[in-house]
Amino acid sequence: MATKEADPSLGFLTKKETEVKLARPTRVKNKTPAPIQITAEQILREARERQEAEIRPPKQKITDESELADYRLRKRKEFEDLIRRVRWNTSVWVKYAQWEESQKDFARARSVWERALEVDYRNPTLWLRYAEVEMKHRFVNHARNVWDRAVSLLPRIDQLWYKYIHMEEMLGNVAGARQVFERWMNWEPDHHGWAAYIKFELRYNELDRARAIYERYVQCHPTVKSWIRYAKFEMKNGEVAKARRSYERAVEQLGEDGQTEELFVAFAEFEERCKEMERARCIYKYALDHIPKGQAEDLYRKFVMFEKQYGDREGIEDVIVGKRRFQYEEEVKKNPLNYDAWFDYVRLEESVGNKDRIREIYERAIANVPPAEEKRYWQRYIYLWINYALYEELEAEDMDRTRDVYRECLKLIPHKKLSFAKIWLLAAQFEIRQKNLKAARQILGNAIGMAPKDKIFKTYIEIELQLGNLNRCRILYQKYLEWAPANCYAWTKFAELERSLGETERGRAIFELAIAQPVLDMPELLWKAYIEFELSEGEYERTRQLYERLLDRTKHLKVWISYAKFEASVTLEEESRAAEEDQHPDPEILEEQDRQRVLRTRGIFERAFDYMRTSIPEQKEERFMLLEEWLNMESSFGSLGDVSLVQKKVPRKLKRKRAIMSEDGTPAGYEEYYDYIFPEDSAMAPNLKILEAAYKWKKQKLDTDDD
């Protein structure tokens, strides 16, 4: 069992045997501080003073060969026993070989090294120590043999190659060192191996050989680092043309994927050192156009410094624009549907003035069509098309391209689900500016047919009206009303058009058709327009009939008041006759007609008051407002008015409280409101007399408190 638990690293002892057993700590019973305190320094000093002297084995002096042989035999036996126990421990082998070396028994030392390599030949430390021993004692061929075996078995350990080459070079065997390098290069080492070979050739001024090695180097490692090293080598040796050719070959062979910021910066700085400023500027611009924006921060910074040092004002401005262009490119790359970023980007390019670049940005922007056919996604996007068309018309002055932009935009919009009146109108107005009236009418006609909107109808009618095409206006109004028969604005404007043309009957017929519609969006405006139409024509009787028809449909307070004000403002017939005949009116007839006007007005107020009292008694506030208007009207009649008639009907105003209920039905407090007690209501409700008495008592009490 013990052999199974044995550990080779512990000399084949068990872990239990190697454990250090410490004494059990003494339990302190009395934890009070001692009367005499000592420091840690005193404890250490006493421990050192009481320490016993170290027992060392006595030094032995070997006096004859037999003692030396015994010593060697004993020592070898110790090493062999130790190796048998810890065969994989490299340090034991090294110590054994070094001891044999110290005894000048090199054959035995080599035997130990060879045995160690049989155990672990992958350990480069063994090979290094073995070869160093051979070199130290000038066994060159033996050392060469060790290095040769080492690099054959472990070709990926660079240190073995370096040491081997160093030995050959120290021996002056340049050809041998070069041969070792060639063997190493066949294994295609990393950059350091190739750099060491090149430095080796340069130490012996072998420039052509170094150049050939660089050619093999860039073929083995086609990276930016290798090409830059090659170009710097040529530049250092004064070969400017070859250095430039190296950079150009690097750009060609690495392709767009392999081209990095580091390569272009090095190329531009090379041209800058050669005083080729235009070449350097072209390299910077080419790099900024081809390298991804997130990987070109250092490149851009170097370009800015270059322009500040060698460029003019225009060049510096180009750099600043390039920086902002870089930022916008990043934004639109992250989110192509961020139309605000596209607007800013286009505005930047327009400030520069490069037409091709501006058109390219516009084309890229409008290519990002919104993902869903919902108007909220298209509202910002459509302005890209509008700005594009306006740019082509106003800045580029290319009318054909402008027409194409409008055409493509209208073709792209899904008119069955959403449409924009603005783009239709802008396209039509553009054609009008080009004096192409037929094309403008065609665009507006298509708009009405595909996506009719109020704004399109209004603008189209306004255009035709300015051109004096009245028949076209009538046709457009008919189509407008067929599309939106409930649109009171359209009915009113159509009737006003006919009236302005002197077609009173046509206007009246249009109004009649309008009020006959079952559904209207704003009927009050339509009736008001119809009434004003009849008033402007002086048709008072027709106006009265209109008010009566309106009262049949609605008995709103405003209708009653408007009707009464109309009757009060009707021009008297005697005044009209006298004005026509240029005579003074008859006072008696005038007074009689004025009295009749007052009676008609009063009759409307009485009808309104009776209706509100009997049909909608709960709307007391509206009844009170009606009485206020009636009272003001009676006052305005002067001697013909009867204010007392209205004052009898004026209610008493009371402040009351009522409970407020929340949404879940629980009481939420009280609110104050004004209630109106009309004289006829108090007569109908005798219980109100008690409230009246309470009100008088409260008022009397307040008066006494004030006194």
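Q: Contact means heavy atoms within 4.5 Å; which residues does His221 touch, not counting residues up to four places away in sequence?
A: This is a predicted model, in which local features need pLDDT of at least 70, side-chain atom pairs count only at pLDDT 80 or more, and totals for chains, interfaces and linings use all residues. Residues are numbered from 1 along each chain as its sequence is written, and side-chain values use heavy atoms, with hydrogens and water left out. His221 lies in the loop between α12 (207-220) and α13 (224-236), where a helix is a DSSP run (H or I, at least four residues), as is a strand (E, at least two), numbered from the N terminus. Apart from residues up to four places away in sequence, His221 touches Glu188, Pro189, Asp190, His191, Trp194 and Ser226.

Q: Does His221 count as buried or exposed, and what is its relative accessible area?
A: Buried means under 20% relative accessible area, exposed over 50%, and partly exposed in between, with a 1.4 Å probe and protein chains only. His221 is therefore buried, its relative accessible area being 17%.

Q: How many of the 707 residues of the protein chain, as a percentage, count as buried?
A: The protein chain has 37 helices and two strands. Among its 707 residues, the share that counts as buried is 37%.

Q: Against which helices do the buried residues of α5 pack?
A: Helix α5 covers residues 90-102, and Thr90, Val92, Trp93, Val94, Tyr96, Ala97, Trp99, Glu100 and Glu101 are buried in α5. Just after this helix, Lys104 takes a positive phi of about 65°. The packing partners of the buried α5 residues are α4 (65-85), α6 (106-119) and α7 (124-136).

Q: Which residue just after α15 takes a positive phi?
A: Helix α15 (residues 261-273) reaches 18 Å from its first C-alpha to its last, close to the expected 18 Å, the expected span being 1.5 Å times one less than the number of residues. This helix is mostly covered, with ten of its 13 residues buried, including Glu261, Val265 and Phe270. Just after α15, a positive phi of about 65° is taken by Lys275.

Q: With which residues is Asp298 in contact, leaving aside its neighbours within four places in sequence?
A: Asp298 sits in helix α17 (residues 297-310), and because its relative accessibility is 27%, Asp298 counts as partly exposed. The C-alpha atoms of Asp298 and Val265 are separated by 8.5 Å, although these residues are 33 apart along the chain. Setting aside neighbours within four places in sequence, the contacts of Asp298 are Glu261 and Val265.

Q: At what angle do helix α19 and helix α21 pack?
A: Axes are lines fitted to C-alpha atoms, for helices over the stretch in contact, and angles run from 0 to 180 degrees between N-to-C directions. The axes of α19 (residues 339-352) and α21 (residues 375-395) lie 10 Å apart, and the two helices pack at an angle of about 15°.

Q: How is α7 oriented to α9, roughly parallel or roughly antiparallel?
A: Angles under 35 degrees count as roughly parallel, over 145 as roughly antiparallel, 65 to 115 as roughly perpendicular and the rest as oblique. The axes of α7 and helix α9 (residues 158-170) come within 11 Å and cross at roughly 10°. The orientation of α7 to α9 is therefore roughly parallel.

Methods
Contact means heavy atoms within 4.5 Å.
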